[in-house]
Structure formats: structure tokens, C-alpha cells
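Here are some notes to read alongside the model. Please keep the viewer open while you go through them.

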Amino acid sequence: MQQILLLEDDETLNRGITLTLQKAGYQVTSAFTLAQAREAFKNGAFSLVISDITLPDGTGLDFGKQVREAGSTYLIYLTALDSEADIVNGYDAGADDYITKPFSLMVLVSKVNALMRRLDNMEEQKQVMTSGAFTINLGEMKVYKNAQELVLSKKELQLLVYLWENAGRILSKEKILEYIWDSQGQFVDDNTVAVNISRLKNKLETDEISNVRGLGYLWTGKVSKN
């Protein structure tokens, strides 16, 4: 059973999310403060963290950075902060998704299910993909450049794999949103793809991700699978 850590200081909302996710088949650990969440995260093995940002003892952005630095745990921010700057800050802190309040519990479950399916699929794959100086080990879910590991979020890794699987083919923003975020346009900012592409390019320090104006994005390098 996949384990989820939920950090939400609103007791009613926390209880509602917890019960909904438990009914969907997940094991949920609830926290109401950053201190509680940090302690639970240190002692648990979670596939996903769902975190509010504005909390009584600090900001969820700091906790998100801790989650990202720890490894491959998915991270969803669930917050009332809905400005473009807030959303960009959330993704910069390592978020795989950013959902603004108010929201539908069924939409949240749908997003969680989509993330978990992708986690299962990636863990099942053992192949290694290479392109120039870059290597993706899907079994380990790690990316290397010239044998040096790069720290990517799950969403960034999924985005890179999707681009590589379609190397030389233009992928529209809509296709990327549907495949990576499974969003159908709900709770996803118009700049989501552009922001994540930009972050990925900066981390890779490459121009092999090309923006074809008005059409979409593509990986221009040659990709091979082992």
C-alpha cells in the first residue's frame, strides 16, 4: 500500500482529505505543523507528500525543499496561494504538482492516482536511456550528465523521459500537460509547461530541448535505449 504524508493545518480539511485518500486505498499519515511533518518524514517511507504552504510554524516551501533533497518522493502543494509568483515558487521548491484551494477531493484523488501509476510504471522499467552526455537509469530513477548525477524532481524526470521517448518529434503543450499532469486543464497554470521546461533546461544546462514557437517542444538529440 502506497504511503502518503499529508501536511494541512486545517483540521476539517485534513480529516476530509485523509478519509478520501484512505477510501481510495492509500495509507495516510496526517500532520498539522511543520514540526510534526518533519518528524514523520524522517521516520517514514512515503511515496507522496501533500503539503499546505502557509502553516502555523513556518512555510511548506522549506519542507518541500527537504522532501526534494531526500530523494524521489512525489510532492504536491495544496494551497490558497494562487498568484503566478506563488505557483512558480512552488515549482521552484520542487513541486510535482500545485493545486489551489478550493478544489475537488475527487480531482485530488485523480491526480494522486495518476502520480502513483507513473511511479509504478517507472519502477517497473529497468532500461537505461542515453543521449549525448546524458544518461537516464529508469530502474534507479536517476539522471546523469558526464557520469555526474543531476537532482531532478519526479515531474522533471517524467518530462525528460517523455521528450526522449519522442525525440525529434514536436510535443504540444496540451500533450505534455495530459501526459505529465493528467490535468485536463484543471488546477494547472497556463505557464506550467513553460516553467518546468525552463527549469529542466537550466538543470541540464543544454539547448537540446527546443521550443518550436506556436507548436511545442522537442528533444533534438539522438536517443538510444539499452
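1. Is Lys 203 buried, partly exposed or exposed? With a relative accessibility of 33%, Lys 203 counts as partly exposed (buried means under 20% relative accessible area, exposed over 50%, partly exposed in between, with a 1.4 Å probe and protein chains only).

2. Before going on, a word on the ground rules. This is a predicted model, where local features need pLDDT of at least 70 and side-chain atom pairs count only at pLDDT 80 or more, while totals for chains, interfaces and linings use all residues. Residues are numbered from 1 along each chain as its sequence is written, and side-chain values use heavy atoms, with hydrogens and water left out.

3. Back to Lys 203, which forms a salt bridge with Glu 156, with 2.9 Å between the closest N and O atoms (a salt bridge is a side-chain nitrogen of Lys or Arg within 4 Å of a carboxyl oxygen of Asp or Glu). Lys 203 sits in helix H8 (residues 192–204) and Glu 156 in helix H6 (residues 154–165), so the pair ties together parts that are 47 residues apart in sequence. Glu 156 is buried, at 0% relative accessibility. Salt bridges with shared partners also link Asp 92, Glu 156, Arg 199 and Lys 203 into one network. Helices (H or I, at least four residues) and strands (E, at least two) are DSSP runs, numbered from the N terminus.

4. By the same rule, the count of salt bridges is eight. One of them pairs Glu 8 with Lys 101, again with the closest N and O atoms 2.9 Å apart. Glu 8 is in the loop between E1 and H1, and Lys 101 is in the loop between strand E7 (97–100) and helix H5 (105–124), so this pair connects parts 93 residues apart in sequence. Glu 8 is buried at 1% relative accessibility, whereas Lys 101 is partly exposed at 22%.

5. Have a look at Arg 68 and Asp 96 too: their side chains meet in a salt bridge, 3.1 Å from N to O. Arg 68 belongs to helix H3 (residues 60–70) and Asp 96 to the loop between helix H4 (84–92) and E7, so the pair ties together parts that are 28 residues apart in sequence. Both Arg 68 and Asp 96 are buried.

6. Now for the start of the chain. Strands E1 (residues 3–7) and E2 (residues 27–31) run parallel and are joined by five bridges (two strands pair if DSSP finds at least two bridges between them). From E1 the chain crosses through helix H1 (residues 11–23) to E2, and this β-α-β crossover is right-handed: with the strands pointing away from the viewer, the path from the first strand over the helix to the second runs clockwise. Within the pair, Ile 4 stands opposite Val 28 in E2.

7. Some backbone spots deserve a check. Most residues other than glycine have a negative phi, and most peptide bonds are trans. Lys 101 and Pro 102 are joined by a cis peptide bond, with omega about -5°; Pro 102 lies in the loop between E7 and H5.

8. Which non-glycine residues have a positive phi? Ala 147 has one of about 75°, and the phi of Glu 205 is near 55°. Ala 147 is in the loop between strand E10 (142–145) and strand E11 (148–150), and is exposed at 67% relative accessibility. Glu 205 lies in the loop between H8 and strand E12 (209–212), and counts as exposed at 65%.
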